[in-house]
Amino acid sequence: MRQQILGRLYQLDVMWCRELIVLSYFWFLNISSYGIALQAFTTVIEHCPGSNVPSIRSQTQYHEISGIFYYTSWDEESVKSLKVYNDVAYYYSSYVYFAAVNCWHLACNCTHTHITNIGSGSPDKWPTLIIHYGLNGKKQLQYNGAWNFSALCQFLNNVLKPLERVYSADELREIRLQADVVILGLFKKSSCHEYKQYTAAAFKWLETDPLRSYRFVVTFGNISLPEFFNIKEKKVPRLEYLTMTKSIKSFNGDGELMWNVSNIVLWLHDEFNGVHSTLHGHSTPISLAVKLKQGPVVGIFANNLHFYEYMEEVLHASKMWSTPFNLCNLLTIQDLEDNINVGKTIKEFMNISNVEDASTCCYGQMKLDHLKHYYKNNILLTRLFQYVANPFLEVNNDLKSVHYLRNFYRQTKCLKTNIHHSIPLRIAIAQYLDKSIKGLQHRNKCNRTVSIVVVDNNEHANYLNFLGIPISNHNLATTFIADNEKESIYVMTETFGIHNFMKFLQNFFENNLSALQRNADVYPEKSTSKPDSFQLQEVNRFMFLNQLHYHNITTVVLIYSPSCPLCANLQNTFLQLAAVLRHQSNTIRFLRLNSQSNDLPWQFVMTTLPTLIVFPREHYANSRIFPSFLKTNFRNVLSFILAQLSAVDQVKLVLSICEGDALPQSKASCWQFVKKLITKHIAQHLHYWQLFETERNLIFERLSAFKDMSLDIQRNSRLL
């Protein structure tokens, strides 16, 4: 039986080995048959140093669109952005001339590279990308977007196609569903002066809106505009500023605003500056904070690509999106170079003239450095097998070949349909969900404004961590509702889906949701055998609120934050006091609370940090906060704490300090201070004896205790 099992395992092992080698070798032969090598991935960017700056500038005259990237070699962001720029240039080199200038190199002086009074001038920050376009490359455009592959690709797509032509009201309606604002240009013919100025303004607007949440469309001739846009004026040429349901304003060149680029951009900015933070195409956590002032905000942070794929199907079913979903799995140059290295490793790994010899699969003949590539081979074969029959690179660089044109078309189509970060799709999702929310509001007769923000979790994961909202990578999106009026956050725990999303909103309108309360994990204190050891207690929200129910002990709480640099001074003094008074645990206790990891009730939410609060024994309602104008040294903090205590507790704590070893050089002055403190309390209680006749028994007990303490202090003073 044991022999049969071993034999079966050996057969499975041989089959696995043969399958891996044959499949890997087939993949490598297809790739290598097209002549792809490491040399094929040489950069398509003209660099300085290498070429001089005047030569690079002169090249912009011979290209319709040119990009010059300015950077410094010592800046980390510049180096990362240069890699992104290099990857994008690989795919767009047939469209755009790319160059890069290292402004830190002596041979590449950037100071006088661009001299313009208006618009994009000489770069004063790094990295900076300047796009040259128009006749002789005299017109300039500066990129102000994010430095990642997807954003830069979308920007270049917008540069290549700044306008969209519409032929019918249906096309205009579909574009409107995928944009925050549509700028509609109405012209008689394409040769008119106004149309050229409108095209140049669409280019220039990319400096403000690089991802194009404002869509610029154009139509020629006499058209009948749809009635739901409420466009009454019929004069041509003119521009219409269209929102979801109506035309906000028009531009027709009358009055002071003539038909030129500056006036059109100024006309757009008048409206854009007031609504920038509320546009779906520019959604960030800042947008959430701005909308929160108006009412509750629904935040949807997409966790992965499948969220957009799912929502694309929902939009397609609701006829709000007709573009088919296409997963654009483009590779960076580094990925392609890794593929070639793995391919060479596979070829060395085989070292077999006949595939039948792979049945032996002797592990002893394998090199150890080959084994480390197994998992990388597996990932690459899964990811790249679709490219075996159609690799990205052409061997002979023959631009007229059918094979090159086919690959060129597929690459271009893939770049244009890279929708997992697509602004039009994100806007369409936000508008669809916003419409669904308004419908649910109307049915529930809710008169509060509920907004929505859709962002990518990959870009703002730290924001959710700061709010304490759990992130599940298995869920399509992390969804929550922030309500400023109730000072609460409600998190959707179910898997994201339209049905669950609407149910979550319905529960919110019916007040059936429980607010998120951050409660940090606190680990129990480690016991130690050392008698003089000390460990300050760290509490969370639940423990802190629970401690406030026990009023038989004075509690001193330090509320701090790890991100607060000024908290260190008070924490140091707080630790010293807690260590000195550690033997008085029956009289006073010291607690620390991290406000960043715990959500506290409104009465304990502090406007400034750090904050020291003293809750006196039996009088927790009379809690006091350490004044911010006092220095946070040992003397001031101790005096403040003593001032909140009863007379007996004051004397106990000071006696504890004097009897300990915390103040070895000032014991005499410490005992003198205790003596004055007791004398003060005796005089005060003698005054109470005269005022409160009904309380004389209690006052007499305290006077007796003070007398015994005073005698002990006098004896100790003689011994010093």
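Please keep in mind that the model is predicted. Its chain has an average pLDDT of 76, and 72% of the residues score at least 70.

- Of the chain's elements, strand S18 (residues 611-615) has the highest mean pLDDT, 94, while helix H1 (residues 2-33) has the lowest, 42.
- Residues 8-42 have a pLDDT below 50, and the model gives this stretch 54 contacts beyond near neighbours in sequence.
- Another stretch, residues 113-121, stays under 50 as well, with 18 contacts beyond four places in sequence.
- Where pLDDT is low, the predicted coordinates should not be read in detail.

**The largest pocket**
- The volume of the largest pocket is about 1000 Å³.
- Its lining consists of 30 residues, and those nearest the centre are Glu487, Arg518, Asp599, Leu600 and Val605.
- Two or more lining residues come from each of helix H8 (285-292), helix H15 (461-467), strand S13 (477-483) and strand S14 (488-491).
- Sorted by class, the lining holds 17 nonpolar, 7 polar and 6 charged residues.
- Domain 3 (280-331 + 401-516) and domain 4 (537-717) each supply at least three residues to this lining.

**A five-stranded sheet**
- An open sheet with mixed pairing is built from 5 strands in the order S15-S17-S16-S18-S19.
- Strand S15 (537-539) and strand S19 (624-625) are at the edges with a single partner strand each, so one side of each has no neighbour in the sheet.
- S15 pairs with strand S17 (residues 588-594) in the parallel sense over 3 bridges.
- Within S17, Leu593 stands opposite Val539.

Terms used:
Residues are numbered from 1 along each chain as its sequence is written. This is a predicted model: local features need pLDDT of at least 70, side-chain atom pairs count only at pLDDT 80 or more; totals for chains, interfaces and linings use all residues. Side-chain values use heavy atoms; hydrogens and water are left out. On a 1 Å grid over the protein atoms alone, a cavity is a set of points where a 1.4 Å probe fits but cannot get out, and a pocket is an open set with protein on both sides within 12 Å along at least five of seven lines; lining residues have an atom within 4 Å of a point. Grid points are joined across faces, edges and corners, and a volume is the space filled by probe spheres set on the points. Helices (H or I, at least four residues) and strands (E, at least two) are DSSP runs, numbered from the N terminus. Ala, Val, Leu, Ile, Met, Phe, Trp, Tyr, Cys and Pro count as nonpolar, Asp, Glu, Lys and Arg as charged, and the others, Gly among them, as polar. Domain bounds come from an automatic or database domain assignment. pLDDT is the predictor's confidence in each residue, from 0 to 100. Contact means heavy atoms within 4.5 Å. Two strands pair if DSSP finds at least two bridges between them.
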